[in-house]
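Trainee: Hi! I'm new to this one, could you walk me through it?
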Amino acid sequence: MSEHDELEALRDQVETRAYIDQALTKLFAPEDEALAAARKAPQQHDMPSIEISPLQGKLLQVLALACGAKRILEIGALAGYSGLWLARALPPDGRLISLEISEQHAAVARASWERAGLGDRAEVRVGPAEELLPALQSEAPFDLVFIDADKPSYPTYLDWALKLTRPGSIIVADNCIRRGVPLREDSESSTDPATAALYTYDQRVAADPRLLSVALPLSKDDGMDGFAISVVRAVAPAEG
Ligand code: DHB
Ligand code: MG
């Protein structure tokens, strides 16, 4: 193939991916006003725009319904965008508890949920997650745990997710793919704490006999990042 043809083919591929993403979002995950406002909130409050994509939000809802979620734990609220998708998957007597280290971000998240009429079932607790998690044992088990916070703590958050769930619960973690970097063998000894921790997270959920897991490249920009999704097993798999 000539260089010109290669470029043409690549351009087609890129356009196709962008088209598919757009079309799927329009079909399966259109945003109403509350979601659109929650997505725009970070720009208006000097926060990073690192929320999940609408299709990832819809996937969280699919998973929440699949496990009959009445109690959901989110680690990392940011502006409340993913929490809004999650809270909407709850029945009226359900509860979303979202942990957020920043008081400012927590206030933006609360406003996002109140605007959507979900103030009664979605709650944000402010502080470092590692300090807030032990108190949640009295409110466990959670049916779904969504981890989307500081990356170096992901292995610790996985330990807590395992303590706070039941067989059939679902544990989802964002940013487990990150352009493939945490999947490299040498990332185990990376000097970047986020890379080393994401490596550990991926390796652990792939191998832990208490979990059945997969990771899917699915993110808003280019599909180069995505979720690791784990179901807590009722019984360990048979050997061999
Ligand atoms: C970052 C964090 C996220 O949770 C995310 O989805 C994207 C980027 C970050 O810290 O850069
Ligand atoms: Mg994230």
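Trainee: Which residues coordinate the magnesium ion (ligand 2)?
Mentor: This is a predicted model, so to speak of a site here is to speak of the prediction. In the model, Asp-148 (OD), Asp-174 (OD) and Asn-175 (OD1) coordinate the magnesium ion (ligand 2), at 2.0 to 2.2 Å.

Trainee: And what spacing do those donors follow along the chain?
Mentor: The donors of the magnesium ion have the spacing D-x25-D-N. Asp-148 and Asp-174 are 26 residues apart and link distant parts of the chain. Asp-148 is in the loop between strand 4 (142-147) and helix 7 (154-163), while Asp-174 is in the loop between strand 5 (165-173) and helix 8 (193-207).

Trainee: Switching to ligand 1, which residues surround it?
Mentor: Around ligand 1 you'll find Ile-50, Asp-148, Lys-151, Asp-174, Asn-175 and Arg-178. By class, that shell holds 4 charged residues, 1 polar and 1 nonpolar.

Trainee: How far is the Asn-175 side chain from an oxygen atom of ligand 1?
Mentor: A polar side-chain atom of Asn-175 lies 2.7 Å from a ligand 1 oxygen. For Asp-148, a side-chain N or O atom is 2.8 Å from an oxygen atom of ligand 1. Ile-50 uses its backbone instead, with an N or O atom 3.2 Å from a ligand oxygen.

Trainee: How much of ligand 1 does the protein cover?
Mentor: The protein covers 60% of the 290 Å² of accessible area that ligand 1 has on its own.

Trainee: Last one: where does ligand 1 sit?
Mentor: Ligand 1 is in the largest pocket.

Note on methods. Residues are numbered from 1 along each chain as its sequence is written. Chains are lettered from A and ligands numbered from 1 in the order in which they are written. This is a predicted model: local features need pLDDT of at least 70, side-chain atom pairs count only at pLDDT 80 or more; totals for chains, interfaces and linings use all residues. Side-chain values use heavy atoms; hydrogens and water are left out. A residue is near a molecule or strand if one of its heavy atoms lies within 4 Å of it. A polar contact is a pair of N or O atoms within 3.5 Å; within protein, one must be able to donate a hydrogen and the other to accept it, and residues adjacent in sequence count only if both atoms are side-chain atoms. Accessible areas come from the Shrake-Rupley method with a 1.4 Å probe; for residues, only the protein chains shown count as cover. On a 1 Å grid over the protein atoms alone, a cavity is a set of points where a 1.4 Å probe fits but cannot get out, and a pocket is an open set with protein on both sides within 12 Å along at least five of seven lines; lining residues have an atom within 4 Å of a point. A molecule sits in a cavity or pocket if more than half of its atoms lie within 2 Å of its grid points. Ala, Val, Leu, Ile, Met, Phe, Trp, Tyr, Cys and Pro count as nonpolar, Asp, Glu, Lys and Arg as charged, and the others, Gly among them, as polar. Donors are N, O and S atoms within 2.8 Å of the metal (3.2 Å for Na, K and Ca); water is not among the atoms, so sites may look incomplete. Helices (H or I, at least four residues) and strands (E, at least two) are DSSP runs, numbered from the N terminus.
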